[in-house]
Amino acid sequence: MNPELLRNLWLQFSPHRIIAAPLILGAVFALAAFATDSWEVVGSAAAGAYAVIAYLWGTRRAVNVLADEIAAGTWDGQRMSSIDPWTMAWGKLLGGTSYVWYCALFSLATYAAAEIESGRGSALAVNLPIKITGALLAQATALLLVLVLVGKGRRLSRRTVAFAQGGALLVGIFGVTSVLLPSLTERLGFGVVDKITWFGFVFPSSDFTLLTQVLFLGWAVAAVYRLMAGELQVRQQPWVWLSFTLFLILYDQGLLVLGRNDALSLRLLPALLAAIPLYYLALFAQSNDIIRYRWLSHHLRRANWRNVFSLLPLWVPSLLVAAALSIVVAMLAKSDMQSLADVERVARIWDAPMPSGNLATAIALILFMLRDLGIVLLINFAKRPQASDLAAILYLIVLYGICGGLVAAAGATSLLPLFWPGVGRSASVVVLAPFIEVILVAFLLQRRWAAQSRALQLRPAA
Amino acid sequence: MIQVEHLIFDYPGHRALDDVSFTIAPQTITALVGPNGAGKTTLLRCLVALDRPGAGRVLLEELDVHEAPREAHKRMAFLPDFFGVYDDLTVRQCLGYRARAHDVPRERRRAAVERAAERLGVADRLKDYAGTLSRGLKQRLAIAQAIIHEPRVALLDEPAAGLDPEARYSLAAVFRELRADGMTLIVSSHILAELEDYSTHLLAIRDGRIVDLRALQQIETGEATVSMQLLLVIPDQRIAAILANIAGVSDVNVDTQIVRFNLAGGARVQHALLKRLIDEGLPIAEFGPVQTSLQDSYLALMRKQAAS
């Protein structure tokens, strides 16, 4: 048996707790039944209890299964064991939440019984798996986020633990929102949207929610495994992240409402719009301390590719994908925009004065990504970086939102290319403005790099 | 047993280990000493593959620990300075969990738990919850957990911190027993008197660099050079010349009745030398190795390093 699972079972299942959970939950559901004499109310109470237990409590347990180890000083002992990353990952994920699932499944069984008694048993075949995979996805995300924080060298304070749980709950809300999609769209006046088309296949929205949750649960577990392997000092390479990037691009493509007769540039646009956020996600998901980059540079100079790949930040493949897609979309758009209809559609989607040139816009986009990378690294390469992620995000919000907004509001459109990609009167200005910014940031970065090297008083490494 | 080659480890703005290389012989207890911030903990964590160095490698019997950390952990044990035990598990469960986590085969697991508990003196507490144990017993439990898989090497970071003198004394006995059973130990501590009780070697680190690695005791086969001292009843002018002509003797220093010199060789050589000196008619009152405490050696070494 998985030792980590067994240890968690020992910790969580005392005879008292085994008896107490069904007694308390049973009393609550019985109260609902006797007070209202309605199976629907019992079903709602059970569903509510399941949501609270599996999502709120479950994500907290999934976070604490690692946070508690670190706080208690037992994590190093686990890292010193012979448990392989996969065994550790699923042992923690299922073991840490085992008692939660004991309570949640009791609630879920009550919910199922109530639904059958209410004559709505037919929907259970999809609803139950949705509820289970949704909670598993939220819990896996919670463990994933806490592993990300540990990997970034963060101290797991109450705030960071709450952040991980909050992020996981946001993912959990996706499932709930998707299930409620038909009634939501009806209330918002869009009619009942209870069908979703994905790669030409029409799914009932609940089936598609289940499929999506299963797919993303698979990726979340894969990510937990990879991060756990990193914690256990097993060498990592960025292939899984690259695969996830391609998966997300494909997933997005499947939802595209455009047909084969539409311009290819338009059909590829969602892929670009998925690749760019993934680049920023990768930029903030890993530690950007200068040591990693110093050794990356060291091994790169010596063409030590095995070490280079294991140190390669995840933003590198993401940047390459986003840059390639930018160029491809721009090149295709040039030929696609032969018809006026396409020009109008492109302009509408990009919300930018396209006459400046698509290629220029694509290059500007890449330069802005490089500038932002420089800003993030500049802050992280400080002698004593503090709250570097927060500071970097703040700077980016100021640059894109506040400065860009102020310049636009003031009507100083000639300055806009400095703050927004692809906006400008001529292609040269659209490219030159972010290029100057990149040069400036690179200069500052080089100075900080040199200062840090002097601080290390480096001798030639072996 | 352990071969460390050109290890470099950096923190932002600070090089914690700077081209560190050394070799640890099997079945020895090496005292890892150095001032605060010297790099002791970082070195130990790199040795057991809990942290990955930027450059260099650590070989454990030819196995590169950073290339195969899980395999290395089967042969190693580590007790960090801030260790923890599972307070809500019994001592038997704590040990049973670690035996499973180290792939101890099912049929040997019970025996492994009992042997580890016996070795560390917690066999009578197997049914107690770990949270109810005293600090000293928790320390013993933590060490029992760490070595339950019978590793070849155990590294312990400040294992005696917070222990009372009695507990420290019994811990020293445990380390000697582990060594006698064939284990190689590296123990980091600030309490030099305690290290002296059981250490065979001294590994001194300062500012991320190894400043000394040497044997502290004449080990069984001991052919190492030993500092000797003899006391004459009355001063004798012939002593310097006689010693200078004896093979293996070097660095002779005569201070009236007290004579110090280095002697290469073990107990037999010392016996032969003493016999020769008495045969020469020298009035010898005392003869033996210089008793220098670890603390004296350490302080002298650190002063020398600071001066250089």
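Let's start in chain B, where B:Asp251 lies in strand E12, residues 249–255. Helices (H or I, at least four residues) and strands (E, at least two) are DSSP runs, numbered from the N terminus. This is a predicted model, in which local features need pLDDT of at least 70, side-chain atom pairs count only at pLDDT 80 or more, and totals for chains, interfaces and linings use all residues. Residues are numbered from 1 along each chain as its sequence is written, while chains are lettered from A and ligands numbered from 1 in the order in which they are written.

B:Thr256 is found in the loop between E12 and strand E13 (258–264) of chain B. Here are the two residues side by side.

| Residue | Phi | Other C-beta atoms within 10 Å |
|---|---|---|
| B:Asp251 | near 50 degrees | 11 |
| B:Thr256 | about 50 degrees | 8 |

B:Asp251 has this positive value as a residue other than glycine, and B:Thr256 is not a glycine either. B:Asp251 is exposed, and B:Thr256 counts as exposed too. A residue is buried if 20 or more other C-beta atoms lie within 10 Å of its own, exposed if 12 or fewer, and partly exposed in between, with C-beta atoms placed from the backbone.

Now to the interface: the contact takes 32 residues from chain A and 35 residues from chain B. Two residues are in contact if their C-beta atoms, placed from the backbone, lie within 7 Å. On the side of chain A that touches chain B, helices H1 (3–12), H4 (75–79), H13 (290–301) and H19 (427–456) each supply at least two residues. The largest share of that side, 5 residues, comes from H1(A).
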